[in-house]
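Please examine the sequence and the structure shown here.

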Amino acid sequence: MSQHARVVIIGSGSAGLSALREVRHATDDFLIINDGHWGTTCAESGCMPSKALIEAANAFHRRHDFEAFGISAAETLRIRVPDVMARMKRMRDDFTKSPRAVPEKLGEKAISGRGKLLGPNRIEIEGHGEVTADAIILATGSSPVLPGPWKTFGDRIFTTDTLFDRDDLPKRIAVIGMGAIGVELAQAMARMGIEVAGFDALESVAGMTDPEVAALLRDAIAAELPLHLGAPAEISEGNAGSLIVKGAGGAEFEADAVLAAMGRRPNIAGLGLETLGVPLDDHGMPEVDASSTQIGDLPVFMAGDANAIRPILHEAADEGHIAGRNALAESPRRYRRRASMAIAFCAPNAVRVGQSFADLEGKDILIGHANFATQSRARLAEEAHGLIRIYAEPGSGKLLGCEMALPEGEHFAHLFGLAIQSEMSTYDMLAMPFYHPVIEEGLRSALREIARQLPDEERSDLADCPEKGHSTLD
């Protein structure tokens, strides 16, 4: 006899735990199934441990500015990579403590095992038999992309799922994949004194689509480590256990290990999506409504990295929230999603908010830009570099999106996220308060450039307050 639950959740990552929270508000009639460790990619092998490495690397890198600040003896500083890794693990273990405790807290309602769909209301759990459900939430997460032939190189190939388990790092590492994760980790490891080279089939890095922003970011990263872009990387055996990585233009790098950072793919293999009776694309993925997380009109919802719509933690948490509520609703609701943000925590930060340059290509838009080479607060911090490009509608000046490569760009991202979510115009944002001296003042130059292209119509009293004519005061 099969077991029945009102809601069954498959996966205990950020989306699954967010869905669980919503379901538990309404009912105790649920099950959560998880294959592998109980926890989230972000806390275990993603955003949190990577930032621990980045913070250590950036702290050590600041020694290069000491002389400009009048501080001596920078050359005597040393970094111990094993100590950096040990600190990262302590912090990671603290971040993962709560998610790992879920099965103990839930008892028989949490099942460790692999779940497979048998239909829209049926699940087979490996080692536990069949379960039926009124609604199913699929939150199975994602795994690093790793080409099959590379597996022959064994533990010399790292992924983000294995890198953070190491006690030390080798002296030479090739990073293949210069997206957000690859750029972050390549630069961090280079700043920690590891010899690093970056490879990618694309010409851009960190997903920047605006050619001016992409060029500035690429030059900034290339100043710290060699980049070989524009052709797929190939790996072969070298001498004494080393690996030879070949990239664009025949470039070669001899590495002790390779970090494969070519993105992640949804964990849908063997999930049984074909039993749902809906069309699947070439990757075996059904169409998922991003505003409801629902698959077709079925009582099945797919949230987080599993649906590949917005594979970022805060989006996964939102989707789990939506899926959890809709799994219990008589009629699933379509939610308004937040303005999209993407941040790579390299230096300078690489940021996209709202619609990207590529999204708007071919459309009639206004562009405002600001170069931070002369921005006063950035100069005081020895960080006077970076570029921001803002996109707005002609006529109304409504803000559409932006791309930037900028120190403290993560904070600018949130300013623009709030503005775009609120459907603010260029004039609206110019009417907001800006303190002096802060780095955020620099974005007014880009906004003012757009404002000069807009009709001279009635607007907030201070929206057209102009530059002072002195760069150190603007």
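This is a predicted model: local features need pLDDT of at least 70, side-chain atom pairs count only at pLDDT 80 or more; totals for chains, interfaces and linings use all residues.

A pair of aromatic rings is described by the distance of the centres and the angle of the planes. How many aromatic pairs does the count give when ring centres must lie within 6.5 Å? The count comes to two aromatic pairs. For phenylalanine 372 and phenylalanine 412, the ring centres are 5.8 Å apart and the planes stand at 85°. Planes over 60 degrees apart count as edge-to-face, so this pair, with its planes at 85°, is edge-to-face. Phenylalanine 372 belongs to the loop between β20 (366-371) and α12 (376-380), while phenylalanine 412 belongs to helix α13 (residues 409-421), so the pair ties together parts that are 40 residues apart in sequence. Are these two residues buried or exposed? A residue is called buried when its relative accessible area is under 20%. Phenylalanine 372 has a relative accessible area of 1% and is therefore buried; phenylalanine 412, at 0% relative accessibility, also counts as buried.

The next topic is the packing of helices. Helix α1 (residues 14-26) packs with helix α10 (residues 313-328) at an angle of about 35°, and their axes are 7 Å apart. The crossing of α1 past α10 is right-handed. On the side of α1, the contact is made by residues including Ser14, Ala15, Ser18 and Ala19; on the side of α10, Leu313, Ala316, Ala317 and Gly320 are among them.

Because its relative accessibility is 0%, alanine 323 counts as buried. When neighbours within four places in sequence are left aside, alanine 323 is in contact with Ile137, Thr293, Phe301 and Ala303. The C-alpha atoms of alanine 323 and leucine 415 are separated by 28 Å, and these two residues are 92 residues apart along the chain.

Another helix contact joins α3 and α5. The axes of helix α3 (residues 47-61) and helix α5 (residues 81-100) come within 9 Å and cross at roughly 145°. Here too, the crossing is right-handed, with α3 passing α5. From α3, Met48, Pro49, Ala52, Leu53 and Ala56 meet Val84, Met85, Arg87, Met88 and Phe95 of α5.

Two residues in loops complete the account. Serine 356 is found in the loop between β19 (349-354) and α11 (357-360). Its relative accessible area is 6%, so serine 356 is buried. Apart from neighbours within four places in sequence, serine 356 is in contact with Thr209, Tyr391 and Glu403. Proline 149 lies in the loop between β7 (142-144) and β8 (157-158). A relative accessible area over 50% counts as exposed, and proline 149, at 62%, is therefore exposed. Between the C-alpha atoms of proline 149 and asparagine 307 there is a separation of 26 Å, the two being 158 residues apart along the chain.

Terms used:
Residues are numbered from 1 along each chain as its sequence is written. Side-chain values use heavy atoms; hydrogens and water are left out. Axes are lines fitted to C-alpha atoms, for helices over the stretch in contact, and angles run from 0 to 180 degrees between N-to-C directions. Helices (H or I, at least four residues) and strands (E, at least two) are DSSP runs, numbered from the N terminus. A crossing is left-handed if the near helix is turned anticlockwise from the far one by less than a right angle, and right-handed if clockwise. Contact means heavy atoms within 4.5 Å. Rings of Phe, Tyr and Trp (its six-membered ring) pair if their centres lie within 6.5 Å; planes under 30 degrees apart count as stacked, over 60 as edge-to-face and the rest as tilted. Buried means under 20% relative accessible area, exposed over 50%, partly exposed in between (1.4 Å probe, protein chains only).
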